[in-house]
Every structure is written in C-alpha cells, then in structure tokens.
Amino acid sequence: MILSIIGITLGIIAIVLGFWNKKDNNMSANLLEGDTKNIEQAFIALQKEFTEYQVFNERKREDLEKIIEKNKKNSERSIEKVYRDLEPEIRKTITKIQQTEHY
C-alpha cells in the first residue's frame, strides 16, 4: 500500500513536472520569438539608416566635386587673364630696355 502511494505521488510529480517543463519551454520560445522580431526590426532600421547615410554622403561628395570643378575653372580663368595681361607688360618692358641700350 505504501509503495502504491509512493508510485502515485511520483506519477503525479512527473506529470506536474512535465506540464511545468512544457509551459517553461513555451515561455522561452515566446521570449526568443519576441527577441528575434526585435532584432529583425533593429537590423532593418540599421539598414535603412545606413542607406540614408550613403545617399547623404554621395550627394555631399557630388556637391564638393562641383565646387572643386567650379573653383578649378575660376582659377584657370584667373591664370589665363594674368598671362594675357602680363604679355603686353613684358613687351613694354623689353622695348624700354632695348631703347635704353641703344642710347
């Protein structure tokens, strides 16, 4: 009789532990599923932010290239103007030197 009570008690404990284990596994699975969804959302947000960062930097780079090209053209024009203006001055100076040498 005592053995049957012990057996029934152990059986009930085994059944309760089985249900508790199943419930614990379900909670763990739900927590993992929630964490997985949060990680996926964070990853998608990170991808979106990185894409926006790339687009922003690409536009900024293009703007800087335009500014550099504009400054380069302005510098070339300034240098050409200096060369054009310099030639007559050099001619005048050479002419003056030549005239002073002849006297």
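This briefing covers the surface patch and the salt bridges of the structure above. The model is predicted, so local features need pLDDT of at least 70 and side-chain atom pairs count only at pLDDT 80 or more, while totals for chains, interfaces and linings use all residues. Residues are numbered from 1 along each chain as its sequence is written, and side-chain values use heavy atoms, with hydrogens and water left out.

**The nonpolar patch**

- Ile-2, Leu-3, Ile-6, Leu-10, Ile-13, Leu-17 and Trp-20 make a nonpolar surface patch of about 800 Å².
- Residues in a patch have over 30% relative accessible area and no salt bridge; nonpolar side chains (Val, Leu, Ile, Met, Phe, Trp, Tyr) are joined within 5 Å, and like charges within 9 Å.
- Accessible areas come from the Shrake-Rupley method with a 1.4 Å probe, and for residues only the protein chains shown count as cover.
- One of the patch members, Leu-10, lies in helix α1, which spans residues 2-102. Helices are DSSP runs (H or I, at least four residues), as are strands (E, at least two), numbered from the N terminus.
- Leu-10 is exposed, with 53% relative accessible area. The classes are buried (under 20%), exposed (over 50%) and partly exposed in between, with a 1.4 Å probe and protein chains only.

**Salt bridges: the count and the rule**

- A salt bridge here is a side-chain nitrogen of Lys or Arg within 4 Å of a carboxyl oxygen of Asp or Glu, and the count by this rule is 3.

**The Lys-37 and Glu-33 pair**

- Lys-37 and Glu-33 form a salt bridge, and their closest N and O atoms are 3.6 Å apart.
- These two residues are 4 residues apart in helix α1, so about one helical turn separates Lys-37 from Glu-33.
- Lys-37 is partly exposed at 47% relative accessible area, and Glu-33 is partly exposed at 43%.

- Glu-58 pairs with Arg-61 in a salt bridge whose closest N and O atoms are 2.4 Å apart; the two are 3 residues apart in helix α1, about one helical turn.
- Arg-61 also forms a salt bridge with Glu-65, with the closest N and O atoms 2.4 Å apart. Arg-61 and Glu-65 are 4 residues apart in helix α1, again about one helical turn.
- Through these shared partners, Glu-58, Arg-61 and Glu-65 are joined into one network.
- Relative accessibility makes Glu-58 partly exposed at 34%, Arg-61 partly exposed at 37% and Glu-65 partly exposed at 42%.
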